[in-house]
2 protein chains.
Amino acid sequence: MIKTTILFADDDLDIQQSVGLTLEAAGFEVVFADNGVQALEVLRTTPIDLAILDVIMPRMNGLQVCKIMRDNSSLPILLVTGRGREEDVVAGIEAGADDYVVKPIRPREMIARVQALLRRSNGYKQFSRRKLAFDSLTLDLDAQRVIFREKSIPVSPLEFQLLKYLMQNAGIVLSKEDLLHNVWGYMSTGADMNMIEATVRRLRKKVELDPSQPRYIQTVWGTGYRFGD
Amino acid sequence: MIKTTILFADDDLDIQQSVGLTLEAAGFEVVFADNGVQALEVLRTTPIDLAILDVIMPRMNGLQVCKIMRDNSSLPILLVTGRGREEDVVAGIEAGADDYVVKPIRPREMIARVQALLRRSNGYKQFSRRKLAFDSLTLDLDAQRVIFREKSIPVSPLEFQLLKYLMQNAGIVLSKEDLLHNVWGYMSTGADMNMIEATVRRLRKKVELDPSQPRYIQTVWGTGYRFGD
DNA sequence: AGGAAATTGTAAATAAGTGTAACAAGTCAA
DNA sequence: TTGACTTGTTACACTTATTTACAATTTCCT
């Protein structure tokens, strides 16, 4: 696993030291800068994933660095300062910062905020392409489609919901009442049971090689259905 | 222009009133909830762009709402609370929140933080991709042009917006409500749904080799559309 | 400002999905 | 093995979504 690199720019060497240790303890690679110009230099020459900038720095302040970076980059930026007046915070964020924390720095809060920024700027990739797979049958939840033996199979919305629910509970038996409640969304009335069977049949026709010898959607006599073995 | 919709959940009606006015003055559409359960209900039924949740609420607290949302959504979430101890902030962010502010709420800071979150969650698309390309279809975002098989295709502004949004979310299904909210910019009224169909059709006529067998803009019956194969 | 052309919204027509019913086939227990 | 019961199959009617065609609106040019 490659480490995430953070630039920490602050002219106070004691703070550099302590915050640096905190960040490293949390598993980050840390690069330091003592002033604004140096910070820009580092940002130009090193691949940085996130920048923490003190507002008050020699040569060029954090706000200016932030603005310059924002002209051509979407790098996550966290501003730090001793000044916590509302207009300071607003000015910082309007300069393009993603977050603004007031000194004294609280280590665990800082780490948490850094991680929040990182997961946001990484675009919540964990949400893209959620999939359910079993054997040669794959359900792509975001694309809402079923892939069976490398081929995309068109299924209706209801069929998709049913298959999804079955696959989410693979291996365990689901009663008719359960399916009715969780897929159709209403309580059992007894007469509607056949509609489940009809839908199961339509689904089997599409995703089973031999619908009368189902490999995926199995009948559990007297109870309901089970996905898989 | 499309208004951004914010959910503001707080059980204190005075705060609802004052923060609501602030947000509206900043040009946002605001939807309210008095408790956690109601907040989840709104989030399920209304297209919301960002949620501001009070931590202390009846029925279900903000942290719980936040965690539940994070199971299947990357919605930007800002937590608000009276408690500002470090462990409270850390707990909030670890529950999946993007930012955490302590009461009393400072209006301009709140607006600034909301805007920072929105520009981040919109992905700074201007930096990452000035062009969107897929196969022999390219979208030039600066020139507002569509290039299909080396040739420039004239598309209407609405068609361009739609194609852009589809391509930015290539591979995942976008519901009608989602498209209506993000491309047209207003809430679903049911009757307006087929204007999406109409626009899709016009777009297909232009960028698909065989509009009845679309390669790019695919229909997901009962749900919406998906870009890509 | 007036008219033509392009764009967008609306309504009717078409297609697809779902629920119901009637019957066939399979399963279990006496 | 038979009878009661559960499940599978098929066809059809009904509902809902999507496409198509048309009308209204807006935009652009002279």
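Which helices of chain A and chain B each supply at least two residues of the surface near DNA strand C? The views below start from that surface in this predicted model, in which local features need pLDDT of at least 70, side-chain atom pairs count only at pLDDT 80 or more, and totals for chains, interfaces and linings use all residues. Residues are numbered from 1 along each chain as its sequence is written, while chains are lettered from A and ligands numbered from 1 in the order in which they are written.

**View 1. The surface near DNA strand C.** At least two residues each come from α6 (157-168) and α8 (193-207) of chain A and from α7 (157-168) and α9 (193-207) of chain B, helices being DSSP runs of H or I with at least four residues, numbered from the N terminus.

**View 2. The contact between chain A and chain B.** Chain A gives 27 residues and chain B 28 residues to this contact, counted where C-beta atoms, placed from the backbone, lie within 7 Å. On the side of chain A that touches chain B, α4 (86-94) and α5 (107-121) each supply at least two residues, and α5(A) gives the most, with seven residues.

**View 3. The largest nonpolar core.** This core has 72 residues, and those with the most contacts inside it are Leu7(A), Leu53(A), Leu7(B) and Leu53(B); a core joins buried Ala, Val, Leu, Ile, Met, Phe, Trp, Tyr and Cys residues through C-beta atoms within 7 Å, buried meaning that 20 or more other C-beta atoms, placed from the backbone, lie within 10 Å of a residue's own.

Methods
Two residues are in contact if their C-beta atoms, placed from the backbone, lie within 7 Å. A residue is buried if 20 or more other C-beta atoms lie within 10 Å of its own, exposed if 12 or fewer, and partly exposed in between; C-beta atoms are placed from the backbone.
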